[in-house]
Amino acid sequence: MWLTLSLCLSLLSPRFQPPQTPWFRASLVGMEVGPTGAQFGSDPSDIGYAARFNGREVVQKCVKAHSEYVVIWARDGEYAYYDSKFQPKAPGLGKRDVLREAVEEARRLHIPLIAYCVLQYPAQTLRARPEWRARDKDGKPIDHLVCFNSPYREFIKQQLGEMLSYGIDGFHLDMVDQGFGAPHGCWCDYCKREFEKENGSPLPKGVAWNAEWNSILEFRYRTSQRFERDLAAYVRSTNPATTVDFNYHGNPPFSWEVGQRPVQHANNGDFVTGETGVWGFGALTVGLNAEFYRASTPNSPFQVAMQRGVRMYHDQTTRPLADIRWEMFTLLAHGAFVTMVDKTAYDGWLDPLAYDRIGEAFAEVRRKREHFGHTPVAEVGIWFSSGTRDWVGRDKPSDYFQSFQGAQRALVYEHIPYGVVLDENANLETLQKYPVICLPNVGILKAKEIALLTTYTMQGGNLVVTGLSGCYDERGNLQKESGLETLIGAKFKGKLNSLDNHVRLPARSVLQENAALEEGIRPDWHFLVKGYAGIFAPTTALPVGELLKPHRTVRQLQGKEGTDWPQSADSPVGAAILLNTVGKGRVLAFTGSPDYATGSEHAISEARYLLRNAIRLLNPKPRVRITAPATVESVITDDPATRTLRIHVLGYNSPPQTIPAHDRPFVLPALMEEAPLFRVQVEVSQPFKSAVALNKKTRLTRRGSRIEALVEEVHEVLILKY
Ligand SMILES: [Zn+2]
């Protein structure tokens, strides 16, 4: 019986991987499994906790569900789940060693076994070694945070060494954040000594957005990087075949407080890995996270973790299959490989329904394998600036993120394929992958970045610039001039002290060859484009339309009433759009912020159309042009070796929600239960031989260079041979 079962399991196990291919280059989907019940602490007398958490069973069930690797919890904040000299084992395990069970079973079934190990929030260790806690600016201990400059670094290496001796294939190390908000660290004695050694001056006190604070910011970034690199080097020196990945927090909504920069902290392990989830970050962020990780580690595989639970980890619920499939295929279409996180029941029991659904979803991935991992075909690169995040965003980085995320939202709704461009690693080659680069309120642009953007434009690239891009110095102070004045073809005259600004476009006859700007927008009508705005005086640019400041009531002018709620339009203060030609390229600058508006709670469709129309004006004939509902996300890839264009379409179908029980009006989206029915039209500018849909029930018709598909599915791939 046992032999038969193991034979069946080996037949179900993933395709054979030649030893020279690391597991993370050969995998599309895997699982992470850990127990539930100690995440908020644990009493040592709680012997029911994790009593049935069994490494052998976890590996078997993951393999049966078509998982291609298994991440098993070996260490969390409270316990080890193996026999450790450094941390108590979960008492309910008795004599059992979950890591040993998992490693033995994984070896038998030829599946990579990764050990999950907590780094930050080591509650048990900090009770034993309180002197390793991070400290705030006044030297007061921050009870839940460990300092990465303390001897904890050597301590954790010893514990990693224990786990390495089991013969694991990799580590998932979670996390290297320095906290997600106040109180900020760290002003402990270890940090003071290290800072003085590196800087030759004492550690300045407290958060202050000045030159001294810059030295602390850099010190914090170096601290996280040193910690990551040190652990990775230790693992490689002990066993070079063991992989290391760190849970990543370089992308929005995370900012300087976690101690990570997008590129600096994505490249210290074998690949980058991060988390997503509609419950915490919204449906649009699923694809955005994948694209962000791609940009932070060019030419490397990147992993995104999602979860089977409805609301958050450890909630013991299972999402409908459609909901799981939508998120998973969105990640895969964007080129990520995916870890599904399962948290067991209190005693370690594995929910069979969850494994049924995950198994069904993973089997579908296996069937569709050849359709993932190809080169993205993107039209717009959205510039993300870590300098702006830190120095304009400061303690409220969401204000800056709203422009970046609003631009992404507009592009997804309009089916304009995008990628992310990061200030830390952008070069001419990065920019030239895109016909258009969008600068969404990128307040800080260094001289070398402006030079790069100028070369890109001179050689035929196009720029869309919004709001106050280029108007701040490196420390986030508003300047009298914008660094982009030559590119924009206008002089910066000042910032409007209002967010409720308006735009009015002239009649089509006035726009003439720029009439594309008006598509979907009523001419001679002003509408709210909420967000930052500046007044610019054209030098070489053609001014188009008007930017209007808002009315202010007498009470508002007296300072007795706030201005958060939008007011109606008052009089024009300058042009809405500036069109400039630079070398072989063009620059279209919005003096307001249609990106911020699209990301805001006062998003109107016309604000989004402004961005879409700008891109269509600059790049009128993209390689592929898609028309589909805003609820459908599309991803285009090219496989030049087989001359295959693929258009992935993902139908999001969240049903309506009711009044939330708390935090009204903030509504969490409902779970997808069924596949949507939608129509996709595709216009292809290059000749192609054939077009087929992957799903048999999709109705596909072709007329010349146009195809149309009626899809009733969560995920469809339209496959074009050229
Ligand atoms: Zn410290």
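Trainee: In which sense do strand β15 and β24 pair, and over how many bridges?

Mentor: This is a predicted model, in which local features need pLDDT of at least 70 and side-chain atom pairs count only at pLDDT 80 or more, while totals for chains, interfaces and linings use all residues. Residues are numbered from 1 along each chain as its sequence is written. Strands are DSSP runs of E with at least two residues, helices are runs of H or I with at least four, and both are numbered from the N terminus; two strands pair if DSSP finds at least two bridges between them. Strand β15 (residues 462-466) and β24 pair in the parallel sense over 5 bridges.

Trainee: What is the bridge partner of T581 in β24?

Mentor: T581 lies in the pairing of strand β23 (residues 577-582) with β24, which is antiparallel and has 6 bridges. These two strands form a hairpin with 2 residues between them, and G583 in the turn has a positive phi of about 60 degrees. For T581, the bridge partner in β24 is R586.

Trainee: How many residues of strand β24 are buried?

Mentor: A residue is buried if 20 or more other C-beta atoms, placed from the backbone, lie within 10 Å of its own, exposed if 12 or fewer do, and partly exposed in between. Strand β24 covers residues 585-590 and is mostly covered. The number buried is 5 of its 6 residues.

Trainee: Which strands stand at the edges of the open sheet of 8 strands?

Mentor: The order in this sheet is β7-β6-β3-β2-β1-β10-β9-β8, with parallel pairing. A strand with a single partner has one side left without a neighbour in the sheet, so the edges are β7 (243-246) and β8 (272-275).

Trainee: What is the bridge partner of V29 in β10?

Mentor: Strand β1 (residues 29-34) and strand β10 (residues 337-343) pair in the parallel sense over 6 bridges. V29 has as its bridge partner in β10 the residue V338.

Trainee: What is the order of the open sheet of 5 strands, and which are its edge strands?

Mentor: The order is β11-β26-β27-β32-β29, with antiparallel pairing. Within it, strand β27 (residues 644-651) and strand β32 (residues 715-721) pair over 7 bridges, and H648 has V717 in β32 as its bridge partner. Each edge strand pairs on one side only, and these are β11 (375-376) and β29 (690-693).

Trainee: At what angle do helix α11 and helix α12 pack?

Mentor: Axes are lines fitted to C-alpha atoms, for helices over the stretch in contact, and angles run from 0 to 180 degrees between N-to-C directions. Two residues are in contact if their C-beta atoms, placed from the backbone, lie within 7 Å; L321, I324, R325, M328 and L332 in α11 meet R357, E360, A361 and V365 in α12. Helix α11 (residues 321-333) and helix α12 (residues 352-368) have their axes 10 Å apart, and the angle is about 35 degrees.

Trainee: What distance separates the centres of domain 1 and domain 2?

Mentor: The bounds, which come from an automatic or database domain assignment, are 378-621 for domain 1 and 625-721 for domain 2. Their contact takes 5 residues from domain 1 and 9 residues from domain 2. Taken over C-alpha atoms, the separation of the centres is 29 Å.
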